[in-house]
Amino acid sequence: MCLRDERVLLGVSGGIAAYKAAELVRRLRDAGAQVRVVMTEGAKHFITPLTLQALSANPVRDSLWDASAEAAMGHIELARWATRVLIAPASADLLARLAHGHGDDLLSTLVLASTAPLAVAPAMNQQMWAHPATQANIALLRSRGVQVFGPGSGDQACGEVGPGRLLEAAELVAALAGTVRGHAVLAGVRVLITAGPTFEDIDPVRFIGNRSSGKMGFALAAAATAMGAEVTLVAGPVALATPAGVLRQDVRSAAQMLAAVMAALPGQHIYIGAAAVADYTPAQVADKKIKKTAADMAVALARTTDILATVAARSPRPFVVGFAAETHDLEHYARDKLQRKGLDLIAANQVGCAESGFEADCNTLQVFWADGACTLGPDSKVAVAQQLLSLIAQRRAQAGA
Ligand code: PMT
């Protein structure tokens, strides 16, 4: 992911999600962009201009009537300076004003005066997002070529649950990088990803599961979408919002995940098995709760079908990427899986420690293919996902797939 040579004009409008603009400025700069921030009056109720000025290393503008800046026609100069305009968060009111061409404050005037591509990241209460007026405004903006990033879905600051959350800073940076010419490296590519754990039922109240949160697989889905791919995500039981633009299918058990993957497989160009699929499942599922009458109890387990190996054995087959979760001898076990399961590439992560693997927000991946290897991270799972997808795109191109 790279925004080198990009000059991003970041518009921040009023809403509780405005606090996320601080992290966004940092991430944009980490990706190589120069950043200048323009705030609406409402935004300043949620975050101070000083914070964004310090993080962007540029003065923050907030008024059309700033005499010193306007002496040099500041808003026109700013509009010309930008190679990208990103508004995050974009409130319902701002979207309405943009849709109808208002120019009654600095930010809306800049949007009218700039020829740079415009992207908006809506954030608002889920009812406001669902309102026909907001949806009509979004449709109008989209019809003019405005990119709309998100919103995500989940718990909201107002206590409601639903679509309207601002995407995370790393997701926004990835989405913006994906729109920069030359970075949509997965445009037209269909990617099938598995994520999360599987739960194998013992009886109606008990199951065998594992600690996968789904974060790694969901980060891959978001990053692949941002790079232009058409993504299908088969998710085990996780509590994560669906990344914008991703087609998601929820499953519970390894058998259900196998069925969902096989149904979605035809036509896929890349398969990434990031799920922690159970290797064993109870041979029999009791239809009533098992009572604790005996002092000991044994559960007979049967092997599950290896989904990854099944996909890799298909002909024709997609470019197949596996994961390996290991507590020790990472390279040895990863290379063994690469060869034994017939994979194109494998990403191995150390598990059993707090800062990578299961549940963590960060990860380090050692990636292996037949004649090469590299290490990605340590970094956030979102950043590592972007790096892994760039590598996959590169390896796939070299393999002529
Ligand atoms: O979800 P998070 O909390 O973010 O954690 C991320 C992760 C640690 C789960 C992820 O990065 C990861 O390593 N996923 C693979 C975990 C795993 O099951 O590893 P494994 O070494 O047991 O399996 C190897 C590969 O075979 C994996 O691609 C797995 O999806 C696949 N497999 C395994 C068994 C099976 N029956 N079918 C499969 O497809």
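**The ligand shell**

By class, the shell around the ligand holds 12 nonpolar, nine polar and seven charged residues. Here Ala, Val, Leu, Ile, Met, Phe, Trp, Tyr, Cys and Pro count as nonpolar; Asp, Glu, Lys and Arg count as charged; the others, Gly among them, count as polar.

The model is predicted: local features need pLDDT of at least 70, side-chain atom pairs count only at pLDDT 80 or more, and totals for chains, interfaces and linings use all residues. Residues are numbered from 1 along each chain as its sequence is written, and side-chain values use heavy atoms, with hydrogens and water left out.

In total, 28 residues surround the ligand. The closest are Ser 212, Ser 213, Gly 273, Lys 337 and Asn 349.

Now the polar contacts, which are pairs of N or O atoms within 3.5 Å. Within protein, one atom must be able to donate a hydrogen and the other to accept it, and residues adjacent in sequence count only if both atoms are side-chain atoms. Lys 381 uses its side chain: an N or O atom there is 2.7 Å from an oxygen atom of the ligand. Ile 307 uses its backbone: a polar atom there is 3.0 Å from a ligand nitrogen. Ala 325 also contributes a backbone N or O atom, 3.3 Å from an oxygen atom of the ligand.

Next, the cover. On its own, the ligand has 770 Å² of accessible area, and the protein covers 96% of that. These areas come from the Shrake-Rupley method with a 1.4 Å probe; for residues, only the protein chains shown count as cover.

Which elements give two or more residues to the shell? They are α10 (215–226), α12 (307–312) and β16 (319–326). Helices (H or I, at least four residues) and strands (E, at least two) are DSSP runs, numbered from the N terminus. β16 gives the most, with four residues.

One other detail concerns aromatic rings. The structure holds one aromatic pair. The rings of Phe 199 and Phe 207 have centres 4.0 Å apart and planes at 15°, so the pair is stacked. Rings of Phe, Tyr and Trp (its six-membered ring) pair if their centres lie within 6.5 Å; planes under 30 degrees apart count as stacked, over 60 as edge-to-face and the rest as tilted.

Terms used:
Near = heavy atom within 4 Å.
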